[in-house]
Amino acid sequence: AGAAQALHEAGAGDAVEASREASQRAPGHDRHRCLYNLGWALHRAGRADEAAKAYAEALALPGCPRRVRARCLANLGAADLARASAVADQAPADALAALAQAEASLREAARLEPTLAVAAANLRAALALAEDVRLRDEVAAGTGPWRSGRERRPSSPAEVARERPAE
């Protein structure tokens, strides 16, 4: 309760520092939650890399409670999804690597806490983006199952999906 009260009293500008202090002072059994709160404050401050480190630190500590573990994984997955979205057009291979990480984190989060709707929604978004990136890559490369003897290549992922034979 002390860490949550400190965050509430701190206001938006000081939330990161209040969370950092709380995570450093927290007893062992509460450190996981304080690191999660630090990650969330860093995320809200636009410091995604630092947030990911706080979540990873919480996950690495022994005895991380199931709920905190699920939320850390969900937020790591969301960060990977955002990173993949940002580079999907310029670097499809990097996007697919980030999406694979997102999928693993989000699947585990959903397994740990099936009622965590954000994990399920972000998992669906990651899977859809991965399919879109793969299809765009196939269109650009001129590869894929639709190429059997056709002169014209599909011009978009949606066209590829319509023309692709059922598997």
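**Entry 1: Ser-105**

I looked up Ser-105 and found it buried, with a relative accessible area of 13%. I noted the cut-offs: buried means under 20% relative accessible area, exposed over 50%, and partly exposed in between, with a 1.4 Å probe and protein chains only. The model is a predicted one, where local features need pLDDT of at least 70 and side-chain atom pairs count only at pLDDT 80 or more, while totals for chains, interfaces and linings use all residues. Residues are numbered from 1 along each chain as its sequence is written, and side-chain values use heavy atoms, with hydrogens and water left out.

Ser-105 sits in helix α6. Helices here are DSSP runs of H or I with at least four residues, strands are runs of E with at least two, and both are numbered from the N terminus. I then listed what Ser-105 touches, where contact means heavy atoms within 4.5 Å. Setting aside neighbours within four places in sequence, Ser-105 is in contact with Leu-73, Leu-76 and Gly-77.

**Entry 2: helix α6**

I checked the length of α6, which covers residues 92-112. The expected span of a helix is 1.5 Å times one less than its number of residues. For the 21 residues of α6 that gives 30 Å, and the end C-alpha atoms are 30 Å apart, so the two agree.

Which residues of α6 are buried? I found Ala-95, Ala-98, Leu-99, Ala-102, Ser-105, Leu-106, Ala-109 and Leu-112. Seen down the axis of α6, these buried residues fall within an arc of 150°, so they line one face of the helix. The arc is taken from the directions that lead from the helix axis to the C-beta atoms. The cover over the buried residues of α6 includes α5 (66-87) and α7 (117-141).

**Entry 3: two pairs of residues**

I looked at Arg-67, which is in helix α5. Arg-67 is exposed, with a relative accessible area of 53%. Arg-67 and Ala-109 are 42 residues apart in sequence, and their C-alpha atoms are 8.8 Å apart in space.

I also looked at Leu-35, in helix α3 (residues 28-44). Leu-35 counts as buried at 2% relative accessibility. Leu-35 and Glu-57 are 22 residues apart along the chain, with 7.2 Å between their C-alpha atoms.

**Entry 4: helix α4**

I turned to α4, which has 13 residues and reaches 18 Å from its first C-alpha to its last, close to the 18 Å expected. The buried residues of α4 are Ala-51, Ala-54, Tyr-55, Ala-58 and Leu-59. They cover an arc of only 135° around the axis, which puts them on the same side of α4. On the face turned away from that buried side I found the exposed residues Asp-49, Lys-53 and Ala-60.

**Entry 5: α4 against α5**

How do α4 and α5 pack? Their axes are 9 Å apart, at an angle of about 150°. Axes are lines fitted to C-alpha atoms, for helices over the stretch in contact, and angles run from 0 to 180 degrees between N-to-C directions. The two helices are therefore roughly antiparallel to each other, a label for angles over 145 degrees, with under 35 roughly parallel, 65 to 115 roughly perpendicular and the rest oblique.

At this packing, Ala-52, Tyr-55, Ala-58 and Leu-59 in α4 meet Arg-69, Cys-72, Leu-73, Asn-75 and Leu-76 in α5.

**Entry 6: the chain**

I counted 8 helices and 0 strands in the chain. Buried residues make up 37% of its 167 residues.
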